[in-house]
Structure formats: structure tokens, C-alpha cells
Amino acid sequence: EQREPVEEVRPQSPVKPMTATEVKVNVSIPEAAERAAATGADGVGLLRMEHMIMSTNKTPERYVADHGVEAYVDEIIDGIQRVAEEFYPRPVRVRTLDAPTDEFRQLQGGGDEPEEHNPMLGYRGIRRSIENPETFKHELEAFRRLWSMGYDNVELMLPLVNDAEDVVRAKQLMVEAGIDPAKRKWGVMIETPSSALCVEEMAEQGIDFASFGTNDLTQYTLAVDRNNGRVASRFDELHPAVLELIGSTIETCREHDVKTSICGQAGSKPEMVQFLVNEGVSSISANIDAVRDVQHEVKRVEQKLILDDVR
Ligand code: PEP
Ligand code: MG
């Protein structure tokens, strides 16, 4: 099991500054919940579900075949609950399963995964969830139960959506799983150029938030494989094309009362923080070790904005 190394919150800036832009934290594994909560972050901007499943060393389908649906749902509930409890009442945004088939193939049951030439362009995220609603509904059942247990700080986030059609289908599946989307906080990740360009139609479907997954948004906008070292120097989250998509999405979301956020790695970079705060993003989610620095950078940019306004 891959535990993150324990590191103290930086001693030189012990005070959390007050900011209008919320600063949240990314949590990769439930075991990091305590350390993440200790940063004073305003919530969790991204809790990835796949680690909860992949740590069992089985694909979801194999896990269910071996141990049954109840055990599978409990596995997800345990992982989310640990973080939701630690952060309560601060919000915890949980992303439904998003692993490419080449990662699932490493696990028990991986032999049943489809062969793909381009797994990053293939069967992952919401695409898999829509194609394979059985497994997705087990995830939704975990959300339903957590909400009925009183963890109303849990929010549901859909990965790799392209357009309103993906959102409509996901919403139907939520309803079929006994969830009333109008009563819960849920939203989408903006990870493909298509999702950025179609965000208005998605907003009309009642999403509460849109969160930039800049790792994928950069990969797909620039057509640069995020895992290919040969083209790593071309992977630029601050590329004007990426920033254009982010900026226009924030503007559209503001018009529709949809919150915006970033949960990709770039949220920990000062240049991205400056851009996002100037654009009026609602929240920034950073890695545990970067939260305090991001809080101070947000404060600095916000103060400059106020001064510029006065002058
Ligand atoms: C992203 O794409 O920026 C993101 C946060 O998701 P992941 O890195 O898990 O693909
Ligand atoms: Mg992603």
C-alpha cells in the first residue's frame, strides 16, 4: 500500500489567511485524510475513488464476483466516510471511478478488460460508467447510503464528461439509484475541450460545480500524452489555449450560478493561482504540501485586485 510520506505543515507561515477564494486540498488516498484536514483547507476538492478499489488488487467486476455487491459498496463507503468524517462539515468532493483500461489490466480480473490502442482516449471515466451502469450504480449506492447516514458534506463529481448528453445520462442513473439530483451537490470535471465548450448546456442540467482537471485538459487540448516523456516539454498547463478554455468556462459558469474549481496539479502552481483568482474562480484545490503556500498566494492576488480597484 502506497502511503504518502508524512511531512509537517510549514512552520514559517502557521496562520491560515482569510480569502474570498476557497482553498481546498486534493486527497489521493483515504489514509491521508487526517494530514489533509490539518492543513486548514476549506474542504476536499478531489477525492479519487479508484484507489479505494485498486488497493484491493481487483477490478470492480472481479471484486463483486468474488465478494458480492454489499462488500464492494462497503469498501467505497469506508474510504469516503473516513475523509468525510475528518472534514465534516467541510465539503468533500468525491470523483466516481476513473481508471483507464491499461491500469485495470494490471489487476485480478484485468484479463476481461477491452484491448485499446489509446486507453487515454478510450473506455474510462463517465464513458465506462454509462456503458457499464451496473458497476456505476454500486458507486451511486455508496453515495446514497453516505447521504442517508448524514454525511451531507459529500459531493459527487463526474470525470471525463464531454457534453450535456453525458450529464443527462448520469443524472438518469442517479435517479434510478434512488438519488434526487436536485437535493444533492454534484458536478462535472472539465477535462476535455468539448466539456469546456459545452459547459452552458451542462449548466442547464443543474450541475452545482465544474472543476478543471488540468492534467487531462492540457493533454487533450494540446494533444500531448501526459505519460509520454518524449513530449513532456510540450505539456504546458499555462498554454494560452488551455487558459482560454478555462477563462471562458469560468465566465459561462458565473452567468449560470455554477461554482468553478481546479483540482488538477496546476492548482498548486503560483502562475495558475494568479490566473484563476483574477478570472474569479470559486475555489482552488492543491496538493497537501502546497495548501499553505496557495492560501498565501491567493491572499496576495486578492489584495492586489482590491488595491487595483481602489486606485
Ligand atoms: C486531471 O485530469 O487533472 C485530474 C485531476 O484527474 P486525473 O489526474 O486523476 O486524471
Ligand atoms: Mg483527469
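Helices here are DSSP runs of H or I with at least four residues, strands are runs of E with at least two, and both are numbered from the N terminus. With that settled, I looked up Glu22 and found it in strand β1 (residues 22-27).

**Entry 1: ground rules**

I am working with a predicted model, in which local features need pLDDT of at least 70 and side-chain atom pairs count only at pLDDT 80 or more, while totals for chains, interfaces and linings use all residues. Residues are numbered from 1 along each chain as its sequence is written, and chains are lettered from A and ligands numbered from 1 in the order in which they are written.

(Buried takes 20 or more other C-beta atoms within 10 Å of the residue's own, exposed takes 12 or fewer, and partly exposed is in between; C-beta atoms are placed from the backbone.)

Next I looked for contacts, meaning pairs whose C-beta atoms, placed from the backbone, lie within 7 Å. Setting aside neighbours within four places in sequence, Glu22 touches Asp42, Ser282 and Ser283. Ser282 is 260 residues from Glu22 in sequence, yet their C-alpha atoms are 6.4 Å apart.

**Entry 2: around ligand 1**

Which residues surround ligand 1? I noted Leu46, Arg48, Glu191, Gly213, Thr214, Asn215, Asp216, Cys263 and Gly264. The cut-off for being near a molecule or strand is a C-beta atom, placed from the backbone, within 6 Å of it.

I sorted this shell by type and got two nonpolar, four polar and three charged residues. In this scheme Ala, Val, Leu, Ile, Met, Phe, Trp, Tyr, Cys and Pro are nonpolar, Asp, Glu, Lys and Arg are charged, and the others, Gly among them, are polar.

β2 (44-48) and α11 (214-222) each give at least two residues to the shell. The largest share, three residues, belongs to α11, and that sent me to this helix next.

**Entry 3: helix α11**

I checked burial along α11. Seven of its nine residues are buried, so α11 is largely enclosed by the rest of the structure. The buried ones are Thr214, Asp216, Leu217, Thr218, Gln219, Tyr220 and Thr221. What do they pack against? I listed β5 (186-190), α9 (193-197), β6 (209-212), α12 (240-255) and β7 (259-262).

**Entry 4: two helix pairs**

Two packed helices are described by the angle between their axes and the distance between the axes. Axes are lines fitted to C-alpha atoms, for helices over the stretch in contact, and angles run from 0 to 180 degrees between N-to-C directions.

For α11 and α12, I read an angle of about 120° and axes 9 Å apart. That makes α11 oblique to α12. (Under 35 degrees is roughly parallel, over 145 roughly antiparallel, 65 to 115 roughly perpendicular, and the rest oblique.) Thr214, Leu217, Thr218, Thr221 and Leu222 of α11 make the contact with Ala241, Val242 and Leu245 of α12. By type, this contact has five nonpolar, three polar and no charged residues.

For helix α3 (residues 60-67) and α4, the axes come within 7 Å and cross at roughly 125°. α3 and α4 are therefore oblique to each other. Pro60, Tyr63, Val64 and His67 in α3 meet Val69, Ala71 and Tyr72 in α4. Here I sorted six residues as nonpolar, one as polar and none as charged.

Most residues other than glycine have a negative phi, and most peptide bonds are trans. I went looking for exceptions.

Ala223 follows α11 and has a positive phi, near 55°. I placed Ala223 in the loop between α11 and α12, and Ala223 counts as exposed because it has 8 C-beta neighbours inside 10 Å.

Asp257 also turned up, with a positive phi near 65°. Asp257 sits in the loop between α12 and β7 and is exposed, with 8 other C-beta atoms within 10 Å.

Which residues does a cis peptide bond join? I found Tyr88 and Pro89, with omega about 5°. Pro89 is in the loop between α4 (69-87) and β3 (92-95).

How values were computed
Two residues are in contact if their C-beta atoms, placed from the backbone, lie within 7 Å.
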